[in-house]
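Please look through the sequence and the model shown here before reading on.

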Amino acid sequence: MNSKSNTNLQDLYTTMKRIRVFEERVAELFVRGETAGSMLHLSIGEELGPACVTKAMIDGDTFTTHHRGHGIFLARGGDPDKMMAEIAGKKDGYCKGKGGSMHIADMSLGHLGANAIVGGGIPTVVGAALSYKYLNKKNVSIAFFGDGAMQQGILYESMNMAALWKLPVVFCCINNQYGMGTKIDDAVAVKDFSLRAKSFGLECLHVNHLDAEKAYTDIKEIVDNTRNNKPSFIEVECYRFYGHARKDKSPYRNEDEEIENRKLDPIAFAKENILTQNILNEEEIKSIDMTVDKEMDVSMNYAINSPLNVESEIFTDVYDKSYTIESVDSRINNILKNK
Amino acid sequence: MKIPEQDFFEKITFRDALRLAMYDEMKDDKNVIILGEDVAKYGGAYGATKNLLEQFGSDRVIDTPISEPTIVGTAIGAAMTGLKPIAELMYVDFFGMSMDQIGNQSAKIRYMFGGQISVPMVIRTQGGTGRSGGAQHSQSLESWIMYIPGLYLVMPSNPNDAYHLLRDSLQTNTPTVFIEHKLLYNFEGPLDKKNKVQFGKANILNEGNSISIIAYSRMTNFAVEAAKKLKEENISAEIIDLRTLNPLDKNTIINSVKKTRHALVLSEGHYTTGVASEITSIIFENCFKVLKKPVIRYTAEDTPVPVAPNLEKNYVPTVDRIVDYAKKIIT
Ligand SMILES: Cc1ncc(C[n+]2csc(CCOP(=O)(O)OP(=O)(O)O)c2C)c(N)n1
Ligand SMILES: [Mg+2]
């Protein structure tokens, strides 16, 4: 079937395609009024980083993500059914519909949590790495965050401690050029983020091209090196194809910029390479695409058909099981009964 | 959108009233500046600062990096050296990271330095449930601020109050935290620029004899809805909109409860150690002899905020249950 075997590129293509189509379906779920709220941050255009970095991870590695974390988790093995159900705020979601799009996680897959506080999940990986070093495990813990988080002080406290204690931490910045409506040029005086990381004593890799295969090779090398307690910083440059949330328009940036930058499409680039290297032919790629489409349609419908959670779920998972929380209603009724 | 110049509006949104307050204040005082994430080009995450960049330029309407502690800290320094900054925190939940600057710095400076200097700044922020923002984007953290001496705390419920109280906040010479509810931005009402509001004075929205319902921010509007339903059953509820939580207008609360002899306190914050707990104890302390029933506080649950819309809706007080509790209290 394959004229030349290159499973890496084929894998990366499939992963990136799955991310894109998943996010397209999330946008559709929103339009159909089936999502829990509208704070839905899509990874469309940003698929390369998540696909390559997660492919360099091994069993036992852990990670945290920012609010734009669907793509990262899907690439690391997240079940799109449960992810989509969580985005819909339903019972079958990863977090019983209590977390939603910004807090999807599956601890059994090493996902220590998606975060709605910019920078909030970064020090967690320092702690995870401290534990791996103490327990003599060859694992790494990876923090994924956006360029916006590069302006949070907590990142630099984390970088310093990871470097000082020589911990197996990877700081991975998905630089999509924007923090909401603020372009990176309006947020930092010096855009070369590696300079910052280097000054703390971290190993650095800056990916600013569309070649997923090459990116994967370079990333794998630096992640493997991190396993030897050499903390590192990876920056992956990309472009946020749509608005900050959903597929919104972005009135604060001009359309020419968008048209130009949407040409920086890692999926189209991978497809072209697959064809020119004769790894797969058009038909075979189409068949991958159709499989992905079908998979994500099924997930979307799974979310729509998943039941709502029962109201008593408000009160679970706050403390350990021995502690029950009395509802306000019950407190009020007890007081009024006592007279 | 152009910024309208007239003094009276039959109907204006809460959002536009805030925008007008900032606009008028900036016109009157060239030392007023705004800084925060996405306040300039984007016009604010909830649109409250739209078009102010065009009006006043980027020296006065300043987009910042995502660096909350330093947004607040910069406002403090600017306030200590002649400016009147309005610092915007996009979500009240970001008190989490900026609390040192708010609580340990801005609130303490005048006192620690023996009254040598004031910090005339406003922190505008936004909180509450209703948009499935989840545990880190839907909280009501006003009690964190009310607990700290040295900070004023304003939580308006309608456009007219929002306009006047925001302008007043800039005049207080004291760091003032101004919290807007995320579901109020589209709430409409009249605005009369000449009809000033007294900073620190509660508002009696609906006079009544049977029960005092004490509320603030969005819960005021729930109370008004509930009062309409209660009226259909011939129960006359007195609604008190606190408007400012510090200063707190105790007298209005006490006088009302002395008249009605029943009290229900509403808040979207938690039950335990919340704003409602404080108000409830003030009523017990001052109205003990006249109360016919225990004071009831009806609040959000003592849990984080869930995302699922069906859970989120009943996590906070609802109009139907306000009616239900009010009836139970007076019977
Ligand atoms: C501490 C904090 N500040 C502000 C926000 C509001 N906010 C949510 S996403 C975002 C932009 C983040 O930009 P970036 O880190 O580059 O991530 P991107 O959205 O581009 O993926 C902002 C300002 C937040 N959620 N948390
Ligand atoms: Mg970004």
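What follows is a briefing on the ligand sites, the cysteines and several local features of the chains.

This is a predicted model, in which local features need pLDDT of at least 70 and side-chain atom pairs count only at pLDDT 80 or more, while totals for chains, interfaces and linings use all residues. Residues are numbered from 1 along each chain as its sequence is written, chains are lettered from A and ligands numbered from 1 in the order in which they are written, and side-chain values use heavy atoms, with hydrogens and water left out. Ligand 1 lies between chains A and B, and a magnesium ion is present as ligand 2.

**Ligand 1**

- The surroundings of ligand 1 comprise 23 residues, where a residue is near a molecule if one of its heavy atoms lies within 4 Å of it; the closest are A:His67, A:Arg68, A:Ala116, A:Tyr178 and B:Glu68.
- By class, this shell holds ten nonpolar, nine polar and four charged residues, with Ala, Val, Leu, Ile, Met, Phe, Trp, Tyr, Cys and Pro counted as nonpolar, Asp, Glu, Lys and Arg as charged, and the others, Gly among them, as polar.
- A backbone N or O atom of A:Ala116 lies 2.7 Å from a nitrogen atom of ligand 1, and a backbone N or O atom of A:Tyr178 lies 2.7 Å from an oxygen atom of ligand 1.
- A:Asp147 approaches ligand 1 through its side chain, with a polar atom 2.9 Å from an oxygen atom of the ligand.
- Of the 570 Å² of accessible area that ligand 1 has on its own, the protein covers 98%, as computed by the Shrake-Rupley method with a 1.4 Å probe; for residues, only the protein chains shown count as cover.

**Magnesium ion (ligand 2)**

- The magnesium ion is coordinated by A:Asp147 (OD), A:Asn176 (OD1) and A:Tyr178 (O), at 2.0 to 2.1 Å; donors are N, O and S atoms within 2.8 Å of the metal (3.2 Å for Na, K and Ca), and water is not among the atoms, so sites may look incomplete.
- Along the chain, the donors of the magnesium ion follow the spacing D-x28-N-x1-Y.
- A:Asp147 lies in the loop between strand S3 (141–146) and helix H6 (153–164) of chain A, and A:Asn176 in the loop between strand S4 (169–175) and strand S5 (178–179) of chain A, so the pair ties together parts that are 29 residues apart in sequence; helices (H or I, at least four residues) and strands (E, at least two) are DSSP runs, numbered from the N terminus.
- A:Asp147 is buried at 4% relative accessibility, and A:Asn176 is likewise buried at 4%, where buried means under 20% relative accessible area, exposed over 50%, and partly exposed in between (1.4 Å probe, protein chains only).
- A:Gln177, in the loop between S4 and S5 of chain A, has a positive phi of about 80° although it is not a glycine, and it counts as buried at 17% relative accessibility.

**Cysteines**

- A search of the whole structure finds zero disulfides over all chains, a disulfide being a pair of cysteine sulfur atoms within 2.5 Å.
- The sulfur of A:Cys172 is 7.4 Å from the closest cysteine sulfur, in A:Cys173, which is too far for a bond; A:Cys172 is buried, with a relative accessible area of 0%.
- A:Cys204 is in no disulfide, and the nearest cysteine sulfur, that of A:Cys173, is 12 Å away; A:Cys204 is partly exposed, with a relative accessible area of 25%.

**A buried histidine in chain B**

- B:His181 is found in strand S7 (residues 176–181) of chain B and is buried, with a relative accessible area of 4%.
- The side chain of B:His181 reaches the backbone nitrogen of B:Leu183 at 3.0 Å.
- A polar contact of 2.7 Å joins the side chains of B:His181 and B:Glu268; a polar contact is a pair of N or O atoms within 3.5 Å, and within protein one must be able to donate a hydrogen and the other to accept it, while residues adjacent in sequence count only if both atoms are side-chain atoms.

**Other local features**

- In helix H2 (residues 48–55) of chain A, seven of the eight residues are buried, among them A:Pro50 and A:Cys52.
- A cis peptide bond, with omega about 0°, joins B:Asn246 and B:Pro247.
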